[in-house]
Number of protein chains: 2
Amino acid sequence: MALRFHKETLPNGLTVVAEENTGAHTAAVGFFVRTGARDEERPVMGVSHFLEHMMFKGTAQRTADEVNREFDAMGASNNAYTSEENTVYWARVLPEKLPLAVDLIGDMLRPALRDEDFDIEKNVILEEIGMYEDRPQWRLHDSLCEVHFGDHPMSYRILGTTDSIKALCVDQMRDYFSERYSPDNVTVAAAGKLDFGRLVEDVKQRCAAWAPTGTERRYDPPSLESRDHALQDPKLSRHYVAMICPGPTAQDPRRYAAAVLTDVLGAADGSRLYWALIDPGLADEADISINTQDRTGCYLAYASCDPGRAQQVEQILLETLDGYAQRIDAGEIERAKNKIATDDTLAGESPGGRMRAIGLQWTYLGRYVSLAEEIEQLMAVTVDDVRDLMTAYPFQPRTVARLGP
Amino acid sequence: MALRFHKETLPNGLTVVAEENTGAHTAAVGFFVRTGARDEERPVMGVSHFLEHMMFKGTAQRTADEVNREFDAMGASNNAYTSEENTVYWARVLPEKLPLAVDLIGDMLRPALRDEDFDIEKNVILEEIGMYEDRPQWRLHDSLCEVHFGDHPMSYRILGTTDSIKALCVDQMRDYFSERYSPDNVTVAAAGKLDFGRLVEDVKQRCAAWAPTGTERRYDPPSLESRDHALQDPKLSRHYVAMICPGPTAQDPRRYAAAVLTDVLGAADGSRLYWALIDPGLADEADISINTQDRTGCYLAYASCDPGRAQQVEQILLETLDGYAQRIDAGEIERAKNKIATDDTLAGESPGGRMRAIGLQWTYLGRYVSLAEEIEQLMAVTVDDVRDLMTAYPFQPRTVARLGP
């Protein structure tokens, strides 16, 4: 296996990055648009995600049915997702189909946005929001962010609300699209068996004529304080609790220490939370994770349990966070590093995993990080690094939200 | 990349199979025990899954904490699962750690089954059952199988019921364990970068002394007829509908045609069900799948929607199944084959995916099927094969179950 990194920026600002792997049997490509819920104005909340759906509804040259059929005909495994800050369109294919995938996604990202498709798709989005009603964990997460971030855009719901989606007009979506899907706001990332020269030609064919707008993201910090929030829904059988507080950003070198720390504290298996809550049967699910984002970041903790144990479970969850600084164990940190290194190596075996990694790294850091460098940084984390991290991010100020019957 | 298949059966009947891949960067191993809910007696329903949990609670030589720590220390990504008919313990590791993983899982599968651990773990299982209460889709699936299979063991809930778990004694579990975890009922499957001679030695070290019981599975066919079932729960916001009917078995060559057929009819994206229900916003989730099992098999269909559209969605779902024979489209079948072939190739790139495939193939077929053969069989599926399949398995007799407010 030989790995080689390539990069080229088109005159309009669109950047193409790729990790070529001569030993791979497939290829993966993703178009990473640096836009999401945090880049919306409140009245159009949900427009990023709705727009992602509309990209599959056809272009000047293709109907929705043709878009779908062509993905199928090339045997692609493909999808798209929208987060608080990224909208990503990707496909994994056999290497000889990569040019077809690039041509198709490149065309999709200049969508027709037809009035009638917009009206029909609005119902699909409203259905998706309706589905949330039976997912207590998702409802709780949305409330948690709203209470924690207040008016700040980081509080916006990715799907929007029933009201914001009902009120949305297609012209508002067109404006958002024109502004945010600017080539200087897009990275095309590919990995696996590929010919970089050919890839750049294929991207140029579709994207060289896109006009840049120089769109930028706002980074006003939210004003945070510790808050408590309780929601009741007599329809529920279980109790749910969630916590959010600041953590390192996607640009912060301390993100490696944070990955180790959250593995020690709250990984699904063998973590402190596992032994404190799951192993003795006090809770059915519990985890602590880090979400590193563009110049911001947060820790998230979560548990669900029998309503009769709500208080006990919440207390143990918070004590697991707050008591750690006094009980750091070097052996535990070494084990967590080994575990994450294996996970990274496993994910790195698939072109899809590498495409995702280099696409996000380019979006956040503007540079390439090889898997070897990633693992080296991780393995360099020391007990002191974890201690320094906890001084900088002491799980405060934090918001705790509860949802139960 | 060079692939080589190896196989060796120990004198006590335990079989070791492996697909060695010199180009891989990791290795994966799984212990496949041919036992699950269908092999239980009704009074001990849930014992297979509960026993799987107990395997992580320690052995004569290791405490539960040591089991967990050792997985972490070798950086393993590991887990276990229990289905209607298989209980599988697996780990994915860096190649040099494979002997450690084999030693640990091999030891785990001769568990201490201590009384006090059993009592504590019982609460964990009861929590897990409690969690189901807020998962309408899982509840509906359990009811669907109970109505469809009646008294037959295929109706048993994998987790058991609150009553069956509360009543279970540790001696019943010990009896079940002694009978079913017999070496002639276990396949060890590995894939990736590995030394087969060393692997067999490591397995022998732990498993050669296991005494065989000659345990067998019963294959009495269920008596099926078309049934209808409706459940109400005023706590729900959405309506859920599910359908089950006979399909080809894991041993049936028609399983390839069934994979193509269900992709055409009910894949998450671009299928007939997608265009009929998801695209127009009538349902939020809908799919049709095939579950090929040991000498049995079933099609499953599922949708969730706004309660006001319950009847319309169910009608479209069933019409998608029943109307297909009159509207077969050869191009659609070719596209589905390409799509599945790419998915198989993608999954085949990871040792974990190959370990799973060869372990299950050995369990069901008693032979090795390379990825190349798998894809060849798939690509050979014709329109006539799909037609013949539908004559043999006409989506009848079928049970439909509904759950709504």
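Across which strands of chain A does helix α8 lie? In this predicted model, local features require pLDDT of at least 70 and side-chain atom pairs count only at pLDDT 80 or more, whereas totals for chains, interfaces and linings use all residues. Residues are numbered from 1 along each chain as its sequence is written, chains are lettered from A in the order in which they are written, and side-chain values use heavy atoms, without hydrogens and water.

Helix α8 (residues 196–207) lies across β1, β2, β3 and β6 (186–192) of chain A, at about 150 degrees to β2(A). Helices (H or I, at least four residues) and strands (E, at least two) are DSSP runs numbered from the N terminus; contact means heavy atoms within 4.5 Å; angles, from 0 to 180 degrees, are taken between N-to-C directions of axes fitted to C-alpha atoms, for helices over the stretch in contact. Helix α3 (residues 98–108) lies across β3 (27–33) and β5 (87–93) of chain A, at about 20 degrees to β3(A).

The open, mixed sheet of chain A has 6 strands in the order β1-β2-β6-β3-β5-β4, where pairing requires at least two DSSP bridges between two strands. Its edge strands are β1 (3–9) and β4 (77–82). β1(A) pairs with β2 (15–21) of chain A in the antiparallel sense over 7 bridges, and K7(A) stands opposite V17(A).

The contact between the chains takes 61 residues from chain A and 61 residues from chain B. Between chain A and chain B there are 10 salt bridges, each a side-chain nitrogen of Lys or Arg within 4 Å of a carboxyl oxygen of Asp or Glu. One of them joins D72(A) to K339(B) at 3.7 Å, N to O.
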